Amino acid sequence: YLRKIHDLLVSGRRLGFIGGSDNHRRNPGMGGGLTGIYAKELTRDALFDALKKHRCFATDGCRLSAALWINGAFIGEEATVTGSPEIHWEVQLTAPPATVQLVRDGIAIRKWHVRDREGSGTYEDTDCRPGQHFYYLAVEESRPWCHSPTNLAVARGPHAWTSPIWVNLTTDD
């Protein structure tokens with residue numbers, strides 16, 4: 001499924017990542033897919049505004065949070081950058097340790113290991129060539145996938161993905 005998403009992003013589509021499921025469990029929200037939203041306040045208008053601006057991340061059930069900035073642009077935003085993109089990320093985990101990967105244009109370009117409940121890092125992408133790019137974080141906690149055997153058990157998968165940041169890298173020329 002990531003290949004299809006990457007193909008859409010490479011073709012220029014601006015997508016945000018949300019988690020959900022198509023199961024038919026008795027209790028909504030038990031299917032495993034969850035969406036984290038970075039909204040300015042906890043109101044319906046603010047939540048919909050954040051979703052429209054792709055300020056969200058998807059998980060397959062874990063309750064972690066992940067955030068990404070590139071040259072000050074936050075997830076869901078676009079940045080025009082001259083020189084190497086400067087990346088900053090933060091995660092809050094529920095089941096450390098975890099692996100955090102930085103993905104550019106569908107390829108993981110950097111990996112970090114987080115051993116505590118909170119982690120952060122910076123990276124300068126000196127290998128990025130001029131042009132249009134997308135970046136996102138992929139997080140995997142160490143616990144195995146936990147399938148819900150009943151309608152009342154909560155699914156808690158180990159993965160999360162931030163919505164992309166779109167970067168237009170220009171040269172000084």
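Phe 74 is buried, with a relative accessibility of 13%; buried means under 20% relative accessible area, exposed over 50%, and partly exposed in between, using a 1.4 Å probe and protein chains only. The model is predicted: local features need pLDDT of at least 70, side-chain atom pairs count only at pLDDT 80 or more, and totals for chains, interfaces and linings use all residues. Residues are numbered from 1 along each chain as its sequence is written, and side-chain values use heavy atoms, leaving out hydrogens and water.

A search of the whole structure gives six aromatic pairs. Rings of Phe, Tyr and Trp (its six-membered ring) pair if their centres lie within 6.5 Å; planes under 30 degrees apart are stacked, over 60 edge-to-face, and the rest tilted. Tyr 38 and Phe 74 make an edge-to-face pair, at 5.1 Å centre to centre and 80 degrees between the planes. These two residues are 36 residues apart, Tyr 38 in the loop between strand E1 and helix H2, and Phe 74 in strand E4. Helices (H or I, at least four residues) and strands (E, at least two) are DSSP runs, numbered from the N terminus. Trp 69 and Phe 74 form a tilted pair, 5.3 Å and 45 degrees. Trp 69 is partly exposed at 24%, and Tyr 38 is partly exposed at 26%. Ring pairs join Tyr 38, Phe 57, Trp 69 and Phe 74 into a cluster.

The largest nonpolar core has 29 residues. Such a core is a set of buried Ala, Val, Leu, Ile, Met, Phe, Trp, Tyr and Cys residues joined through side-chain atoms within 4.5 Å. Strand E3 gives the most to this core, four residues.
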